[in-house]
Amino acid sequence: MTIEELEQVAKSVCQENEKYDFEVNVCMDLACMSQGADRLREALEKAAGASDKHVLVRRTGCMGPCSSGPLVRVDPEETLYHHVNAGHAEAIVASLGGAPVPELQCDLNDHFDRQVRVVLENAGHIDPEKIDDYIARDGYKALLTALTEMTPSGVIHRITESGLRGRGGGGYPTGLKWGTVAKAGGELKYVVCNGDEGDPGAFMDRSVMEGDPHRVIEGMAIAAYAVGASKGFIYVRAEYPVAVSRLTTALRDTRRRGLLGSGICNTPFNFDVEIRLGAGAFVCGEETALLASIEGRRGAPKPRPPYPAVSGLWGKPTLINNVETFANIAPIVRNGGKWFANMGSERSKGTKVFALTGKIANTGLVEVPMGIKLREIIEVIGGGVPDGHTFKAVQTGGPSGGCIPAEMLDLGVSYDALMAVGSIMGSGGMIVMDDTSCMVNVARFFVEFCMTESCGKCIPCRAGTAQMFTLLSRICEGSGTMEDLDLLVSLCNTIKETSLCGLGMTAPNPVLSTLKYFKNEYIEHIVHKRCPAGVCNMEAHASEVSKEVLA
Amino acid sequence: MSESMGVKTLIIDGQEVSARSGQTILEVARENDIKIPTLCHIEGLGAVGACRLCLVEVKGTSKLFPSCVANIHEGMEVLTDTERLRKHRRVILELLFAERNHICSVCVSNGHCELQALAQEQGVTHISLPYRNPALAVDASHERFTVDHNRCILCTRCVRVCAEIEGAHVWDVMGRGIDSIVITDLHDEWGASSCTRCGKCVQVCPTGALFDKSKIGSDHPKYPDFLPYLNLMREAQ
Amino acid sequence: MSKLKVATVWLDGCSGCHMSFLDMDERILELAKLIDVVYSPLVDAKDFPDEVDIALVEGAVASEDDEKKIKKVRAHSKLLIAMGDCAVAGNVPSMRNPFGPEAILERAYIENASVQQQIPCVVVPKLLKIVRPIHEFVTVDVFLPGCPPSADTFHTALTALVTGAPLDISALTRFGA
């Protein structure tokens with residue numbers, strides 16, 4: 001396919017769409033689906049068919065505010081309806097061209113106005129299973145431009161110039177990584193997309209893969225061209241069946257259009273992508289473990305160096321980036337590195353997608369420019385803590401991250417700022433907690449997660465997380481002592497400094513950050529045998545007799 | 001010129017030493033009689049950097065490096081025995097003792113155990129962490145050997161020697177995290193597995209987890225020194 | 001100089017540590033110039049004295065009774081020494097931990113008993129669910145691992161503790177020694 005052909009396709013999609021006076025977009029992401037979005041879509045199609053209006057009913061990827069689902073957006077008016085069910089279909093179709101249905105209208109202007117959508121620019125606007133929808137919104141233009149007008153080093157230069165940093169959590173400069181793989185010798189190189197999103201409460205990558213799969217594929221193809229790779233793998237967890245099926249469809253359509261395969265766009269560039277399913281091990285999000293899993297071995301990390309950029313899949317130089325990182329590539333190539341670098345903060349450029357969950361009014365997916373204050377994300381975009389409760393902390397970075405207390409809400413979100421307060425950016429999970437959350441229990445939850453997800457290879461992580469869990473359980477059950485607390489801190493220090501991979505190194509973060517900002521809660525549990533939030537059950541301590549057995 | 005390119009000099013614990021490019025810190029330290037504690041590492045098998053006991057400090061960075069896999073470079077200054085490292089080593093050994101049921105007094109390897117010796121060497125006189133007391137199996141189905149999971153530290157030497165040297169790959173690791181155990185074949189009984197009965201795994205096992213049934217009491221020294229020679233002879237062929 | 005008051009205590013252990021203590025043989029006579037054994041299974045005192053300078057405790061904490069005893073010993077002793085692997089690490093008594101006390105009692109008093117199959121329920125103390133080393137109940141000042149620690153270990157360690165000389169325990173003994 002050439003650029004001209006691409007434009008032809010885009011044009012025909014537009015012509016096709018112009019036949020319709022109204023577009024009714026139904027969010028078909030998992031959250032809306034689970035609330036009956038598929039029945040809603042059928043009802044809408046039926047109602048549209050029965051009406052004499054020219055209505056296009058389109059299924060789309062995640063629109064964002066999942067807690068308001070199922071969501072429907074009517075274009076061109078951009079009227080957003082929330083909590084829609086199949087019974088509303090006729091009313092919606094009837095209202096087209098007239099006044100909107102009042103009881104379904106929602107005011108989420110604050111929610112949307114503060115967001116900047118780069119990665120999610122197509123979310124809610126295209127049918128993820130239609131390649132032409134993607135092409136109509138400038139899809140694959142970046143790839144073909146790169147292939148025909150740019151050199152591989154020119155592409156890398158543009159990415160470097162953009163200041164994009166890895167969105168998987170580490171924040172390693174993407175351009176630098178690409179440059180390293182490009183310079184590595186050897187005929188065969190690989191590009192791997194890390195879609196093994198595993199943080200509790202995180203679903204950014206799932207939504208991108210489900211809602212806009214071609215964006216990921218295009219990013220990978222551009223990367224492959226830049227580093228000289230001919231083969232790609234997308235590693236997705238098997239728990240994401242919708243993402244897998246959408247990606248499979250997308251790959252098939254891409255091959256049919258000649259956008260993957262050999263001699264893409266009449267150039268010598270060959271590239272194809274295969275999907276590899278993960279069995280859901282959290283540690284397989286760690287790059288060396290992920291590569292081991294793709295190779296068919298036990299998903300356990302290896303010491304680095306050698307880094308995958310030098311010796312990765314089957315010993316070959318391998319570029320491995322996260323879903324969201326790849327999703328940023330096409331817009332950067334299209335609009336230039338400077339365009340991207342103009343967004344965000346000094347050392348964290350562009351935007352970041354966050355999955356807002358927990359005790360917050362608008363749970364769902366948001367995309368904000370880097371540097372935005374946490375307060376803005378939580379109070380304005382997220383709509384604050386509901387039900388009259390007060391905000392206590394926000395947990396970022398999943399089990400590797402930390403809890404940030406209320407007094408730090410004016411912190412600008414960036415890799416370095418979050419690191420400085422004892423948390424991390426991570427892949428973008430944001431769990432909001434209010435006064436009904438016990439911070440010791442929260443720490444215990446994340447430590448338990450790390451314990452069960454540890455691969456078991458290195459001792460500090462395997463046995464250390466289990467010991468942390470035991471000590472935290474004692475504290476939560478009211479049998480903890482101040483000595484246990486000292487042991488816990490000492491253990492955290494050793495696990496952090498000596499573990500083999502990122503899972504272990506960051507596993508103590510939830511404990512250390514809650515100890516830093518909420519030490520009084522630990523003390524209350526230990527000294528006064530009392531859980532301030534009323535979460536922990538201290539009865540185990542009261543009936544100490546239970547540990548004795550009649551002889 | 002080209003020959004001297006491969007030679008590097010560095011400082012380990014204040015001692016100037018020379019090394020070939022591509023050597024690990026551990027190799028160079030051992031050549032110079034500088035002792036770095038190890039458990040998963042054994043000469044003659046691939047290094048995995050799993051036990052974390054061989055971590056060393058390198059001047060100029062706060063990161064710790066696993067000396068069994070970290071390569072030397074020109075001018076680096078390595079510290080192998082600082083208070084920070086000693087603390088971590090003690091905690092790691094304590095974690096191992098608390099993880100499973102290591103009862104030295106009734107172990108076949110009492111007096112010949114690398115874990116026991118390291119605990120003594122590193123000054124571990126008691127375990128401050130709570131014991132986990134897991135209920136673990138003992139598989140005595142093999143006619144010559146027994147595996148007692150209570151004493152296994154998951155160093156994976158058995159897995160590696162079986163795959164890399166014997167070429168049988170009977171041993172592997174099953175389960176994840178704290179529930180990991182070494183298994184034979186697809187968790188078949190050792191006696192019913194495809195084991196070649198070569199006994200190399202028993203000889204490289206640092207503790208009493210794998211032992212020879214013909215040995216009684218604690219009279220079970222192990223002789224893993226055959227490995228480097230075996231490799232040497234194979235290379236010579 | 002008045003002699004230091006020394007007590008030795010026997011919790012859940014085999015008494016091997018006490019035997020090894022006695023194995024110091026004639027060196028005990030030298031030590032006796034510096035210490036008085038005021039309470040011990042080896043002497044005829046019935047109650048733990050109010051003030052003891054050094055208490056050597058053999059055995060793990062396995063029963064309610066052991067727990068009471070170790071707390072009393074701690075309260076009345078200036079220096080508490082965990083003597084041997086049972087006190088230090090649980091050792092053989094702790095081998096029942098993976099199975100629990102019910103299984104052990106069942107095995108000993110029902111399955112393996114030829115007459116009067118019943119689990120004793122009077123006079124004998126209640127067993128704790130988990131056998132634990134003494135430092136999980138009280139603060140321990142010195143750990144002397146070994147099963148048992150050798151007579152030489154006892155001699156060197158006690159001499160050092162009594163005279164205030166430096167003591168490197170790892171140079172003397174280890175787990176299972």
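The questions and answers below walk through a predicted model, taking its chains, domains and strands in turn.

Reader: Into which domains is chain A divided, and which residues does domain 4 cover?
Author: The assignment for chain A begins with domain 1 at residues 8-113 and continues with domain 2 at residues 138-341. Domain 3 of chain A then takes residues 351-434, and domain 4 takes residues 439-546.

Reader: Which strand gives the largest share of the side of domain 3 of chain A that touches domain 4 of chain A?
Author: The centres of domain 3 and domain 4 of chain A, taken over C-alpha atoms, are separated by 23 Å, and 12 residues of domain 3 are in contact with 15 residues of domain 4. On the domain 3 side, the elements that give two or more residues are strand S11 (391-396) and strand S12 (402-405) of chain A. The largest share of that side, 3 residues, comes from S12(A).

Reader: How many nonpolar, polar and charged residues make up that side of domain 3 of chain A, where it touches domain 4 of chain A?
Author: When the residues on the domain 3 side of this contact in chain A are sorted by class, no charged residues are found among them. What remains on that side is 6 nonpolar and 6 polar.

Reader: Which helix gives the most to the side of chain A that touches chain B?
Author: This contact joins 26 residues of chain A to 25 residues of chain B. On the chain A side, the elements that give two or more residues are helix H18 (439-453), helix H19 (459-477) and helix H20 (482-498). With 8 residues, the one that gives the most is H19(A).

Reader: How far apart do the C-alpha centres of domain 1 and domain 2 of chain B lie?
Author: Chain B is divided into domain 1 (7-81) and domain 2 (111-223). The C-alpha centres of these two domains of chain B lie apart by 27 Å.

Reader: How many nonpolar residues does domain 1 of chain B have on the side that touches domain 2 of chain B?
Author: The contact between the two domains of chain B takes 9 residues from domain 1 and 14 residues from domain 2. By class, the domain 1 side has no charged residues and 1 polar residue, and its nonpolar residues number 8.

Reader: How many residues does chain C give to its contact with chain B?
Author: From chain B the contact takes 18 residues, which by class are 9 nonpolar, 9 polar and no charged residues. From chain C the contact takes 23 residues.

Reader: Why does chain C count as being as compact as a globular protein of its length?
Author: Chain C has 7 helices and 7 strands, and its C-alpha trace spans about 55 × 35 × 30 Å along the principal axes. For 177 residues the globule rule gives 16 Å, and chain C is as compact as a globular protein of that length because its radius of gyration is close to that value, at 17 Å.

Reader: Is the pairing of S1(C) with S3(C) parallel or antiparallel?
Author: Strand S1 (residues 4-10) of chain C is mostly covered, with 5 of its 7 residues buried, and it pairs with strand S2 (residues 35-39) over 4 bridges. In S3(C), the bridge partner of Trp10(C) is Glu58(C). The pairing of S1(C) with strand S3 (residues 52-58) of chain C runs over 5 bridges, and its sense is parallel.

How values were computed: Residues are numbered from 1 along each chain as its sequence is written. Chains are lettered from A and ligands numbered from 1 in the order in which they are written. This is a predicted model: local features need pLDDT of at least 70, side-chain atom pairs count only at pLDDT 80 or more; totals for chains, interfaces and linings use all residues. Two residues are in contact if their C-beta atoms, placed from the backbone, lie within 7 Å. Ala, Val, Leu, Ile, Met, Phe, Trp, Tyr, Cys and Pro count as nonpolar, Asp, Glu, Lys and Arg as charged, and the others, Gly among them, as polar. The radius of gyration is taken over C-alpha atoms; the globule rule is 2.2 Å times the number of residues to the power 0.38. Domain bounds come from an automatic or database domain assignment. A residue is buried if 20 or more other C-beta atoms lie within 10 Å of its own, exposed if 12 or fewer, and partly exposed in between; C-beta atoms are placed from the backbone. Two strands pair if DSSP finds at least two bridges between them.
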